[in-house]
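Hi,

Here is the structure for you to look over. My notes follow below it.

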Amino acid sequence: MASAGIFVAKAYSTNVGSLILMALVLGSCVANGEYLGGRRGLAAVAGNPTVFDITKNGAVGTGATDSSKAFLNTWIQVCASPVPATLLVPKGEFLAGPVIFAGPCKSKVTVEVQGTITAPPSGYPTPEWFLFEHVDNVVLTGPGTFHGKGEAVWKADGCGQKAVCNLPPTSLKFRNILNLDISGISSVNAKAFHMFLVKTKNVNVQNIKLIAPAESPNTDGIHLSNAVNVYISDSLVATGDDCISVGRGSTNVTVERVTCGPGHGLSVGSLGKYPNEENVADIHFRNCTMKDTDNGLRIKSWGGSSPSTAVDITYEDIIMTNVKNPIIIDQNYGTRGGDSRVAISNVLFKNVRGTTISKDEVQIMCSKAVPCKGVSVVDVELNFVGDKGGHPSSSGGLVGALCTNANVIFGGKLSFPMCPK
């Protein structure tokens, strides 16, 4: 059973004999581009020697038989192919995991999921369910689903904002990868993060769905750490924590046309949780839609942090419906004692429209040690639709803005009073 240990495939050290010979002899069609064009579905190409079907290695699509070894044996064949090759998960339900797809591989690799991959409820010696690592030029494509079965572990999770905590496993982690393309897949009920990008460069994510109930803990949609050149677009994230969270060391990240909700918003951070974190820069959220989220556009850092910077962050052209805390910089998100030393600068919130259930529509709460610089709030029109007889806001019960340790520049059309100078 997969729960008894962990399966690791490293194709460069494995002899796959006649399968490699077949790929070499028949690979000329691939080299000429016959199989590398559109998204017709690689399995539909009869006799394609570069498509390796997991059922040919013993996987059973009934959802009851552990197919972990079949996944790994198929990965070995794909990764050892001297020409671009595909691991195919056909229609059906396949119980598998945890699994590590390890490289380096000899050529470009594609994992095409047409069916559903289901996670075992327990027995994880590692902090992830599916891990891709040390592989360059990777494509993960759908229209299939990764079902994490998180409902089996959520009640036992009590991490909250603890500084030290062992989260349940991430559904899909990508580590030390250059050139990654993810499209068309769905992730349902992850035990913790749906997707984690760490030490990756040149990443394109589009047309995916990440779904879990609003009450599911720590089920971030996509979390980034030391991720560089990332583009996320045209996707739905409805989950129990941050829809997208951009963490330490991440630079040149763009998020466009993403629908978020339920969830905890589109976040930069939390930052400063760990010692000596790398800087964050050039983060841009554009043309996104937020529905019934606990937070909207958020930058968050820990008190007592090591020095670092978060610069050039833009939230622009955002539509909100019934959002709590629509615009917030919180440098007291978590603390080990003392002020945050994450220096935040050059931040723009522009053209944000819709409805909010919070009277404090803008909350810029920065660190006394390193006050925020260059924060602009421009053209923010949000209609308050909360309970007018509820608890008073921090600003004294009036709809308005809060500014602490920050010189905020307001401009354009605003639906609330500005912070006093």
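**His-264 and its surroundings**

A polar atom of the His-264 side chain sits 3.3 Å from the backbone oxygen of Gly-240. That is a polar contact (a pair of N or O atoms within 3.5 Å; within protein, one must be able to donate a hydrogen and the other to accept it, and residues adjacent in sequence count only if both atoms are side-chain atoms).

The model is predicted: local features need pLDDT of at least 70, side-chain atom pairs count only at pLDDT 80 or more, and totals for chains, interfaces and linings use all residues. Residues are numbered from 1 along each chain as its sequence is written, and side-chain values use heavy atoms, with hydrogens and water left out.

An unreviewed UniProt entry places the feature "active site" at His-264. Such annotations may be inferred rather than shown by experiment. His-264 lies in the loop between β19 (251-260) and β20 (266-271). Strands are DSSP runs of E, at least two residues, numbered from the N terminus.

His-264 is partly exposed, at 21% relative accessible area. The cut-offs: buried is under 20%, exposed over 50%, partly exposed in between (1.4 Å probe, protein chains only). Beyond four places in sequence, His-264 touches residues including Asp-242, Asp-294 and Arg-298; contact means heavy atoms within 4.5 Å.

Val-253 is in strand β19. Val-253 is buried, at 0% relative accessibility. Its C-alpha is 6.9 Å from that of Val-228, 25 residues apart along the chain.

On confidence: mean pLDDT (the predictor's confidence in each residue, from 0 to 100) is 87. Residues 10-46 stay under 50.

Best wishes

Conventions:
Helices (H or I, at least four residues) and strands (E, at least two) are DSSP runs, numbered from the N terminus.
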